[in-house]
Amino acid sequence: MDSHSSHLNAANRSRNSQTPSPSHSASASASASVSSSLHKRKLAATTAANAAASEDHAPPSASFPPSSNDDLESISARGADSDSDPEESEDAVVDDDEEDFAPEPDQDSSIRTFTAARLDLSSGANGSSRNTKIKTEISTVKLEAGTGTAGVSSVSGIVPKDESAKISTDDDVQNCGAYIAREEALRREEAANRLKFVCYSNDCVDEHMMCLIGLKNIFARQLPNMPKEYIVRLLMDRKHKSVMVVRPPAGGNGITHVVGGITYRPYHSQRFGEIAFCAITADEQVKGYGTRLMNHLKEHARNVDGLTHFLTYADNNAVGYFVKQGFTKEIYLEKDVWHGFIKDYDGGLLMECKIDPKLPYTNLSKMIRQQRKAIDERIRELSNCQNVYQVAEFQKKEGGSPKKIRVEDIPGLRDAGWTPDQWGHTRYKLFSGSGDSITKQKQLNALIRVLLKTMQDHSDAWPFKEPVDPLDVPDYYEIIKDPIDLKTIGKRVESEQYYVTLDMFVADARRMFNNCRTYNSPDTIYYKCATRLETHFHSKVQAALQSGAKSQ
Ligand code: COA
């Protein structure tokens, strides 16, 4: 989270918890190890390589040419110049009180191993006969021929299985919503092995380490306030894991492209995980990767780590994203469970996500489709709304004017339960039951004329008197799809046939006011005119209804 960055500055940080986070104390030691390893690199590179090689997770053999990537350079160069770089000696990213904690053995070794792996890949330490050449280009890691001994393992428990081949086609994608459409498109990519979700940590496997570096580059760019050392420290901390979305090299050789990832630390005993960083590379954002990544993470954390919750400190920019991923600002997890395990920060907003024990996070589209189908079937049992009637015939014109339609001839109306005695039904009960329909229509027309005049004569009516001129307001008709104005309403009133109920007339007036408020902002004179004229209009309608009721 970006929020971390501000907290790394000891002067600006206020800590509520006196208990340091195990994660961060470990990280502090890890950082120190990075620094010391880099120093050692300059003086005794072979010592580092030998030390690493003697560990269980010895670094692989490979050459490691200088990278053009600034992020990698930042580490390599610091390693080379560390004696003269005051930042290195200060270890600027180490928290004040974190320094008090002794390095955890595995942290120390993991970072030392990582450093050695990065700097001494040519030593052939892990015994595998490789001809590996690594180039980093932002988040791209090139593996030339001969790579691949470290098989890419998909996120445990979330490997797209055979069923992914059954991903539904596009036929109904446009009817199923953007979420399903995006998820299914990405599932197809996964099934075709063009996209992969993997979970790696610092285990000294070449390919994993290179992906972690690719991810680190993305974090460094997407979280610019975050010190790179801090990113490396957590990313390479063996207690942290990174779920990544990667593009495997076509044909098994070539470029593994890291698209994004989430680094988190599982607290197994507490059954929650703390998300430290989350980012998608710039040109792939807002394509659904962030959501799919989070879904893979949830499934992995639940199925592999046994977690039930995630916590994260989100900065203001990221809160919206996390909310869409099911995170809440309310923390329902008992404080005892997480307090003291993660740090309290000022500035960042602590958010929580409960991981559902059953939800198929990586195949929600299937579940949503099934639910839609079940609801649809139930609706069909209760109604006939699935029947669609063609009404095109009724729109044909006879001699230039619209063909008159008899209500009872409208297809589907009777099927929907309409009966002829409902003709002229209105929620505005205006007139007594006596009198024929012609008389009632005349009374209605008279009333509508009066109501129209009260609007036309009002001092706030001027914006509504004529249709909006597109020359004056070019985009008006792009935004307002169903325009109406007093002049048009007046023509309809004059026809004496258009408004067969008062509801229809009131609906037109309401649409006129709503259109105005849709196009104009509340502080404009137009918006205010609409509201005032509407209030006036409704008071007149109510008065007419009351006098009509009294006369009955
Ligand atoms: N604020 C509000 N909403 C956001 C958002 C943000 N910063 N980023 C994405 N969203 C929304 C999207 O519009 C989308 O909404 P929709 O489902 O209604 O269409 C939804 O969240 C998911 O979008 P998706 O395409 O799956 O996300 P993404 O691939 O763009 O990844 C981030 C989201 C935040 C990881 C990515 O934008 C990123 O890397 N940002 C920079 C780094 C960062 O801020 N990381 C988070 C803090 S560590």
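Is cysteine 211 buried or exposed? Cysteine 211 counts as buried, because its relative accessibility is 2%. Here, buried means under 20% relative accessible area, exposed means over 50%, and partly exposed lies in between, using a 1.4 Å probe and protein chains only.

Before we go on, a word about the model. This is a predicted model, in which local features need pLDDT of at least 70 and side-chain atom pairs count only at pLDDT 80 or more, while totals for chains, interfaces and linings use all residues. Residues are numbered from 1 along each chain as its sequence is written, and side-chain values use heavy atoms, leaving out hydrogens and water.

**The overall picture**

The protein has 552 residues, and 45% of them count as buried. You can look for 17 helices and 10 strands; these are DSSP runs numbered from the N terminus, with helices (H or I) of at least four residues and strands (E) of at least two.

| Residue | Relative accessible area |
|---|---|
| Cysteine 211 | 2% |
| Cysteine 516 | 7% |
| Valine 258 | 0% |

Valine 258 sits in strand β5.

A disulfide is a pair of cysteine sulfur atoms within 2.5 Å, and the structure holds zero of them.

**The cores**

In soluble globular proteins, nonpolar side chains tend to be buried together. A nonpolar core is a set of buried Ala, Val, Leu, Ile, Met, Phe, Trp, Tyr and Cys residues joined through side-chain atoms within 4.5 Å. The largest one has 33 residues, and Phe219, Met244, Phe277 and Ile342 have the most contacts inside it. Among the elements that each supply at least two residues are α7 (206-222) and β5 (254-267). Helix α7 gives the largest share, eight residues. A second, separate core of 28 residues includes Ile280, Tyr289, Met351 and Cys353.

**A pair of helices**

Helix α15 (residues 486-495) packs against helix α16 (residues 502-519) at an angle of about 170°, with axes 10 Å apart. Therefore α15 is roughly antiparallel to α16, a term for angles over 145 degrees. Residues in contact (heavy atoms within 4.5 Å) include Leu486 and Ile489 of α15, and Phe505 and Met512 of α16.

Terms used
Axes are lines fitted to C-alpha atoms, for helices over the stretch in contact, and angles run from 0 to 180 degrees between N-to-C directions. Angles under 35 degrees count as roughly parallel, over 145 as roughly antiparallel, 65 to 115 as roughly perpendicular and the rest as oblique.
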